Every structure is written in structure tokens, then in C-alpha cells.
Amino acid sequence: MREIFLRDLKLAFRSGGGFGLALAFFLMVIFLLPLGIGPKIDLLAQVSPGILWVAALLACLLSLDRIFATDLEDGSLELLVTAPVPLEGVVAAKAAAHWCTTGLPLCLAGPALSFLVNMPSSGVGWLGLSLLAGTPALSVIGAFGAALTLGVKRGGLLLSLLVLPMYIPTLVLGAEVTRRGILGQGPETPLLLLAALTLLGVGLLPFAGAAVLRMSLR
Amino acid sequence: MARGLLDLNAVTCGRGSSLILENVTFCVSAGELVVLRGPNGSGKTTLLRTVAGLQNPVVGTITAAEDDVVYSSHADGVKSALTVTENLTFWSKIHGGPAIDVALERLDLTQLRDRIAQELSAGQRRRLGLARLLVSNCRLWIMDEPTVSLDRASVALFSQMLAEHLATGGAALAATHIDFGLDGRNIDVTQFAASKPLHSGFDEALL
């Protein structure tokens, strides 16, 4: 498993690997949105949790199809499936590598750049925490979705349609944690729910993803 | 009959919704090379994929030594962004196999070891794909047209590597159109061709 994780990380950092794509997209959204909204600082502060979470979620979505598609193209997915490694572990390792190259940078960039959308300082820590607790769910749900749409030509649209509904609970809870954090209204409850959701996904979806992969390679 | 590394018992396999081969029965024992013959589209790849476990047989049983089978498909599973060494080391670790130096040497890849796989020719890529078999530590090699895009010298290298694998108790099941120059048992897959392809939903006799 470790080898697959390390290989995916290495591939992401090599040319054309797609590392930084999610981060660049995230930056663009939070740079451009304040310009679009105009000089309404109070309004911006009010919607900042939502903006940051939506930006992070869409950024995550961008690189999902790469999780399995490149391995399918060059044949290594078939070889991995027939190799003596548990496929569930392969899916988990690939989702983990995806999180390290997209989710983790977002966890750091989000709080660091939250001033761009005028987020009150009381919410910055909670934003970081909520991203840390929520983005792993985005990666495992995404890996499951990518396995489902494997082999579908130009499956990106289908993938988004499948995955977005499953992202909604994470988005709602993540933004709620941050909003309550700003207002000082006890963000612990949604944070715990968010973490529970992530744990549920991490525990179950590698199995679902592996089952789906076996079917789509048939 | 002694149980071999691989036993196929009345296997029927298909692609999509159509049956292609039925009642396939043969066995591969240690030290044996079995070559599947047949024209394009006769079901060689389908049979190999079924044996490799990528798809289930429709009927019948396949018994193989567990974790002792390595599959090599049309595609080599080579990552363009990684070097030759990195590619092979990855597969060696996945299979828990030996160090890669011998395998590189055997397929004449030692000088290319630090080359990015993207810059390899098709034949060199194929040789890298075949080197994976050597680092897999598995006794049964399942190969789908292993010599595609290899020149004559490389085919000789491959034959030699295969001969040594067989001599050390390994076995191989291959689909190919060429002659490896080794003693092997040929199986013509057309004898197993499904007699009754599944209904297309349209019967011309009704016209």
C-alpha cells in the first residue's frame, strides 16, 4: 500500500501530474470573488465560510478523474488488480495520495488566505480545523465516484453529477463549523458530525470502490 | 493426473454479453509452456483475462496457485513520468519480489535505467513490461502477445528468459502469433469456439 501511495505522490509532483491544479483553482476563486462582489466588506465577511468551503470543494472535484483514469490508460490498473495486493488497500492508498496533493494544501492555504474574503480572525482556526476534518471525505467519496465512472469516455460530467450530492453534507457541516466559530456559537457539534462523516467514508468507501472497480474492469 | 499450477475445468467465458469460448479444459504444470493459438478475435485475450481473474468465468472452475500468477497484458503498465528503475522497483515491491538489477540486465535495460519511461521506444517499453515478470517472483506467467513491437534480438532475449523460467520450475501461458523457439504445447482456441453465440435479439430466420 505504501508503495502505491508513494508512487502516486511522486507522479503528482512530476510534470503533468496535476499537483497544484486544485490549489491554483482555489486561489483564483477566492481572488476573484471579492472583486465580483464589490466593496461590501460586511457582506463578504458574512459569506466567507461558504465561499471558502465551496471553493475548496470544487477545487477537489477538478482532479478526481485522475485518480484511476491514468492508471487505466497505461494498463497499470489491470496489473494492480491481478497483483497480490488487496484492491481495497489500493483504493484507500490512492484516495490518501489524492488528499495529500489536493486536500492538505487546501487545509493550509484556506486559513492563510482567508483574509482575502475578509473572514473574521475568530473563524480562521475553525476553518482550518473543519477543512482538516472534512477534506479527507471529499477524497474518498471522489475515489469512489471515479471508480464508478471508470471507462466512461469523457466521464467528467457524470462524475461531477454523481459526486456532488454526496459532497453536500460535508459542505454544509464544514461551512457551519466555520460560521459558528466566527460567532462563537459552539462549533464543536458540527465539527464532530463532520469528523464522523469522514470516518464513515474512510471506513466504508474503499470497500465500495474496490467492488465497483472489479466490476468496471470486467 | 498431477495437479498443475493452473487447472481449467469446462470453463466458458465471454466478453460483454456474448459467449466466446466454451468448455475449455486444460492444465498447465510446472516447467510447461502452453501457447494459445487462433486468429484475431478468437478469444485468446478473453481467456487470458479470465484466467488472470479480471473477469469471472460464466461456467466452470479455474484453479490456480494463489498469489503465484502474474499477468502481462497488451499494455505494459509503465508510467511515463517515472524512470525505468522507479517503474520496475514499484512492481518489485508490490509483488514482494527480488532486486531489479538482474531483471534489468536480463532484458538489456541496464544502460537505460535512469531514463524517463516517456523517452523509451515502444520495444524498450515492452522490455520493461517483461522485466516486471522477472521481479514478480510468481511461477505462472500469463502473457498476452508478449513479443509485440520487439525486434529479433529482443525476442531472442525474451525466449532465453522464458526458457530459464521454465527450467527453474516456472510455467507460462501465452497468446502469441510467433514462434518463441521453445518446446511448448499449442492449444488452438478455435476448437472451443462457442457453438451458440448469445441471441442478438434479432432472429434472421423470422424474415
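How many residues does the contact take from chain B, and how many from chain A? It takes 18 residues from chain B and 20 residues from chain A. Two residues are in contact if their C-beta atoms, placed from the backbone, lie within 7 Å.

## Basis

This is a predicted model: local features need pLDDT of at least 70, side-chain atom pairs count only at pLDDT 80 or more, and totals for chains, interfaces and linings use all residues. Residues are numbered from 1 along each chain as its sequence is written, while chains are lettered from A and ligands numbered from 1 in the order in which they are written.

## The contact between the chains

The contact draws 18 residues from chain B and 20 residues from chain A. On the side of chain B that touches chain A, helix α2 (residues 84–95) of chain B gives the largest share, four residues. Helices (H or I, at least four residues) and strands (E, at least two) are DSSP runs, numbered from the N terminus.

That side of chain B divides into nine nonpolar, five polar and four charged residues. Ala, Val, Leu, Ile, Met, Phe, Trp, Tyr, Cys and Pro count as nonpolar; Asp, Glu, Lys and Arg count as charged; the others, Gly among them, count as polar.

## Chain B overall

Chain B has five helices and eight strands. From the N terminus on, its elements run β-β-β-α-β-β-α-α-α-β-α-β-β. The radius of gyration of chain B is 18 Å, close to the 17 Å that the globule rule gives for 207 residues, so chain B is as compact as a globular protein of that length. This radius is taken over C-alpha atoms, and the globule rule is 2.2 Å times the number of residues to the power 0.38.

Along the principal axes, the C-alpha atoms of chain B fill a box of roughly 65 × 40 × 30 Å. Of the 207 residues of chain B, 41% count as buried. A residue is buried if 20 or more other C-beta atoms lie within 10 Å of its own, exposed if 12 or fewer, and partly exposed in between, with C-beta atoms placed from the backbone. Among contacts in chain B with a separation of 6 or more, 75% come from residues 24 or more positions apart.

## The parallel sheet of chain B

Five strands form an open sheet in the order β5-β6-β7-β3-β8 (chain B), with parallel pairing. Two strands pair if DSSP finds at least two bridges between them. β5 (69–72) and β8 (185–188) of chain B are the edge strands, each pairing on one side only. The twist averages 15 degrees from one strand to the next. Axes are lines fitted to C-alpha atoms, for helices over the stretch in contact, and angles run from 0 to 180 degrees between N-to-C directions.

β5(B) pairs with strand β6 (residues 140–144) of chain B in the parallel sense over four bridges. Y71(B) has I142(B) in β6(B) as its bridge partner. Helix α5 (residues 152–167) of chain B packs on the sheet. There α5 touches β3 (33–37), β6 and β7 (171–175) of chain B, and its direction makes about 140 degrees with that of β7(B).

## The antiparallel sheet of chain B

An open sheet of three strands has the order β2-β1-β4 (chain B), and its pairing is antiparallel. Its edge strands are β2 (18–28) and β4 (59–64) of chain B, each pairing on one side only. Neighbouring strands of this sheet are turned by 30 degrees against each other on average, direction ignored. Helix α1 (residues 44–52) of chain B lies across β1, β2 and β4 of chain B, at about 125 degrees to β1(B).

Strand β1 (residues 6–15) of chain B pairs with β2(B) in the antiparallel sense over seven bridges. In β2(B), L21(B) stands opposite C13(B), and V24(B) is the bridge partner of V11(B). β1(B) and β2(B) form a hairpin with two residues between them. G16(B) in the turn has a positive phi of about 60 degrees.

## Nonpolar cores

The largest nonpolar core has 61 residues. Such a core is a set of buried Ala, Val, Leu, Ile, Met, Phe, Trp, Tyr and Cys residues joined through C-beta atoms within 7 Å. F26(A), A56(A), V91(A), A143(A) and A147(A) have the most contacts inside this core. Its largest share, 15 residues, comes from α7(A). Apart from it lies another core, of 57 residues, among them A83(A), V135(B), M143(B) and F158(B).

Most residues other than glycine have a negative phi. N118(A) is not a glycine, yet has a positive phi of about 60 degrees. N118(A) sits in the loop between α6 and α7 of chain A and is partly exposed, with 17 other C-beta atoms within 10 Å. A10(B), also not a glycine, has a positive phi of about 50 degrees. A10(B) lies in strand β1 of chain B and counts as exposed, with 12 C-beta neighbours inside 10 Å.
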